[in-house]
Amino acid sequence: MSMNPFCEIALEEALKIKESGLAKEVVAVTMGPSNCVDTLRTGLAMGADRGIHVEAARDLVPLSVAKVLKKLVEVENPGLLILGKQAIDDDCNQTGQMIAALLGWPQGTFASKVVLDKEKQVATVDREVDGGLETLCLDLPAVITTDLRLNQPRYATLPNIMKAKSKPIKRYTPEELNVEIKSDLEVVQVTEPPKRKAGVILSSVDELIDKLKNEAHVI
Amino acid sequence: MEKWRATSNLRRSLKSILNRQLSSVSEFRYLNEKRSCQSSFNLIRDCKSLGQVNAIQHRCFSSASTLVQRNPSFSTLNSDDISYFKGLLGEKSVIQDEDRLETVNTDWMHKYKGSSKLLLLPRSTEEVAQILRYCNSRCLAVVPQGGNTGLVGGSVPVFDEVIVNISSMNNIISFDKVSGILVCEAGCILENLISFLDNQGFIMPLDLGAKGSCQIGGNVSTNAGGLRLVRYGSLHGNVLGLEAVLANGDVLDMLGTLRKDNTGYDLKHLFIGSEGSLGIVTKVSILTPPKLSSVNIAFLACNDYSSCQKLLMEAKRKLGEILSAFEFLDTEAMNLVLHQLDGVRNPLPASMHNFYILIETTGSDESYNREKLEAFLLSSMEGGLISDGVLAQDINQASSFWRIREGVPEALMKAGAVYKYDLSLPVEKMYDLVDDMRIRLGDLAKVVGYGHLGDGNLHLNVSAPEYDDKILEQIEPYVYEWTSKHRGSISAEHGLGLMKANKIYYSKSAETVSFPLNKKMQRISLFAGCVSPSHGCTSCLN
């Protein structure tokens with residue numbers, strides 16, 4: 001079990017924010033079966049202060065995750081919610097956006113740079129979009145989802161791994177949070193993309209023209 | 001003990017005679033002054049009873065004591081030979097193109113360059129046999145070549161030997177899933193074999209930085225060690241059989257796939273590590289260990305060398321059966337890698353430490369092994385053996401740790417000139433040599449030490465912006481003498497090749513080298529001189 005790479009980047013950003021004095025505490029949250037706690041321990045070893053584990057069966061859909069997170073936000077009252085832009089098992093890229101909508105909070109997704117201003121209570125986020133970079137200014141509290149180029153996550157050093165063993169992890173179940181885990185989606189079919197066909201080595205330009213005309217029909 | 005002292009006395013006196021003679025010869029780079037050469041030749045002929053080198057050569061970055069000359073009894077290529085080979089192998093497998101020859105004539109370190117005019121690419125054992133039979137009859141010298149990743153100039157021609165490159169023989173012949181026995185041709189690239197086995201749930205018992213290019217035939221012929229020797233042992237234990245073609249074209253089929261076979265002398269062991277001097281390996285049968293699911297890797301920092309040694313002892317005891325690699329780098333090596341390679345970062349950026357250790361464990365139970373490793377690391381930390389460390393959390397972090405260790409040779413190449421030494425020494429003495437060399441060289445060059453601490457193998461490298469004889473003088477023969485004094489090996493895993501062709505006496509007594517078995521091997525291999533005639537191993541066969 002290992003941490004979703006984008007979430008690792010999110011955690012690293014949170015730790016950086018805390019180290020620069022702009023935050024008091026970093027809380028790491030995970031949802032899933034009992035062996036997810038290992039991932040949480042890694043997060044604590046990287047430097048998070050507390051962990052929260054919401055015990056649920058596998059196959060959580062983004063909407064369920066967003067609903068659980070909303071309840072946790074109501075309990076914890078964080079000033080900032082940072083997530084990875086997508087999970088590498090389903091590649092949905094939905095959770096961050098959904099929770100922002102549920103909470104009514106501003107969102108800065110695909111962040112490649114985050115600058116917090118504590119006094120004005122705003123976050124300036126550079127987003128990686130198709131056309132280039134977009135800079136947004138968000139009022140806090142806000143939701144930020146992280147992209148690859150934001151930072152390089154630190155390694156969990158041994159002294160920190162040892163310290164992590166004594167950091168608290170709180171367990172919840174979805175029932176305790178009054179959230180019903182159900183999926184409105186059904187996976188109908190999964191197919192591999194077609195295998196790439198081998199190239200053909202041609203021996204003359206005439207042959208090339210012939211193939212382009214008669215087989216590929218591009219000229 | 002007495003015997004050793006006696007032979008070392010003999011060796012020392014012989015060496016001093018040779019050095020005096022040869023230092024005068026080195027002035028005459030192009031060997032024009034036949035008379036002075038003649039006298040040294042006579043001296044050498046007289047030393048034949050001790051199995052001495054029979055030829056002298058000059059190369060670009062040589063030391064005064066290694067000069068090899070092309071043996072005039074070997075013929076030169078003519079057009080009939082080319083036509084024969086073309087008829088035998090087809091046009092595509094006979095290469096005379098200058099660009100391609102340039103690549104195959106030069107070794108990986110760009111230190112040794114031959115002048116071969118012909119590259120042959122046989123596709124089967126039969127073709128190899130016919131090539132060798134023909135070359136034997138024509139008295140054409142031959143050099144076997146695989147991935148050309150060797151570090152002692154043993155994979156490239158010294159003069160104009162015909163290069164027989166096995167790269168086209170890259171088929172996997174069979175794999176037995178129950179026993180894990182893999183049979184493949186000698187030209188299979190190690191990384192391809194690793195990927196193939198990965199799909200089957202097995203791994204190769206050896207792993208080295210050169211795996212993307214090196215071939216299994218070459219690995220076997222040089223008895224390659226690598227990163228996992230501490231766990232899986234050497235190729236002598238893992239190779240179950242091989243097929244080789246002798247210099248006269250005879251095919252020796254020792255391709256057994258049996259774990260145990262005590263019927264007579266086990267000839268394959270002579271081929272393993274013989275660097276191609278007894279014949280060309282064409283097929284290999286190797287025992288592969290199953291792939292275990294839990295691999296963990298830790299990158300640790302130690303303050304001094306004695307902590308590294310104690311850590312090794314503790315690791316062998318506390319990690320026991322799951323320990324699969326134990327490597328070390330000193331701070332110079334780390335700096336070099338961070339400086340020269342892209343995309344590499346220091347896992348322990350807090351401060352620069354004196355020594356870095358990489359420990360890998362491989363086992364079948366993830367949580368149990370991780371607990372074991374964490375407990376070991378915790379107790380080592382509390383005991384003051386390690387000052388800091390990182391445990392890889394996922395496969396990306398694990399490969400980045402390996403990148404650091406495996407990237408040292410590459411970083412050394414990029415930094416300019418490098419004098420490379422691969423020594424086996426008693427573990428407690430190993431780093432003393434590095435310290436000594438630092439004092440000796442002072443500002444002339446940077447001394448870098450790293451290697452397989454788990455096997456007692458130091459890779460001592462001296463890095464300088466350019467090659468300079470002044471630097472070489474300070475290194476050789478001091479390094480060899482130092483190693484010899486501690487009964488170490490002057491070539492732990494790299495082999496003799498050309499670089500250490502006549503250095504064998506630093507690690508083997510004269511009697512071992514001239515043991516009558518060597519003469520028997522010569523008879524078995526017949527005109528053994530035709531294969532790699534100027535390289536180290538052959539020169540021991542008179």
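These entries record what I looked up in a predicted model.

**Sheet of chain A.** I first traced the strand order and found an open sheet of five strands, S3-S7-S4-S5-S6, with mixed pairing. I noted strand S3 (80-84) and strand S6 (132-139) of chain A as the edges, since each pairs on one side only. From one strand to the next, I read an average twist of 35°.

**Strands S4 and S5.** I then examined strand S4 (residues 107-117) and strand S5 (residues 122-129) of chain A, which run antiparallel and are joined by six bridges. Within this pairing I located A:Val115 opposite A:Thr124 in S5(A).

**Helix H1.** I looked up what helix H1 (residues 5-19) of chain A lies across, and recorded S3, S4 and strand S7 (142-146) of chain A. The helix runs at about 150° to S3(A).

**Aromatic pairs.** I counted 16 aromatic pairs over all chains. For B:Tyr84 and B:Tyr134 I noted ring centres 4.0 Å apart and planes at 10°; the pair is therefore stacked, as the planes are under 30 degrees apart. B:Tyr84 belongs to helix H3 (residues 79-89) and B:Tyr134 to helix H5 (residues 125-138) of chain B, so that the pair links parts of the chain 50 residues apart.

**Aromatic cluster.** I found A:Tyr155 in one aromatic cluster with B:Phe299, B:Tyr356 and B:Phe401.

**Charges over rings.** I recorded A:Lys170 over the face of A:Tyr172, 4.8 Å from the ring centre.

Definitions and conventions:
Residues numbered from 1 in each chain as written. Chains lettered and ligands numbered in written order. Predicted model: local features only at pLDDT ≥ 70, side-chain atom pairs only at ≥ 80, totals over all residues. Heavy atoms only, no water. Pairing = 2+ DSSP bridges. Helix = DSSP H or I, 4+ residues; strand = E, 2+ residues; numbered from the N terminus. Axes fitted to C-alpha atoms, helices over the stretch in contact; angles between N-to-C directions. Contact = heavy atoms within 4.5 Å. Phe/Tyr/Trp six-rings, centres within 6.5 Å; stacked < 30°, edge-to-face > 60°. Lys NZ or Arg CZ within 6 Å of the ring centre and 35° of its normal.
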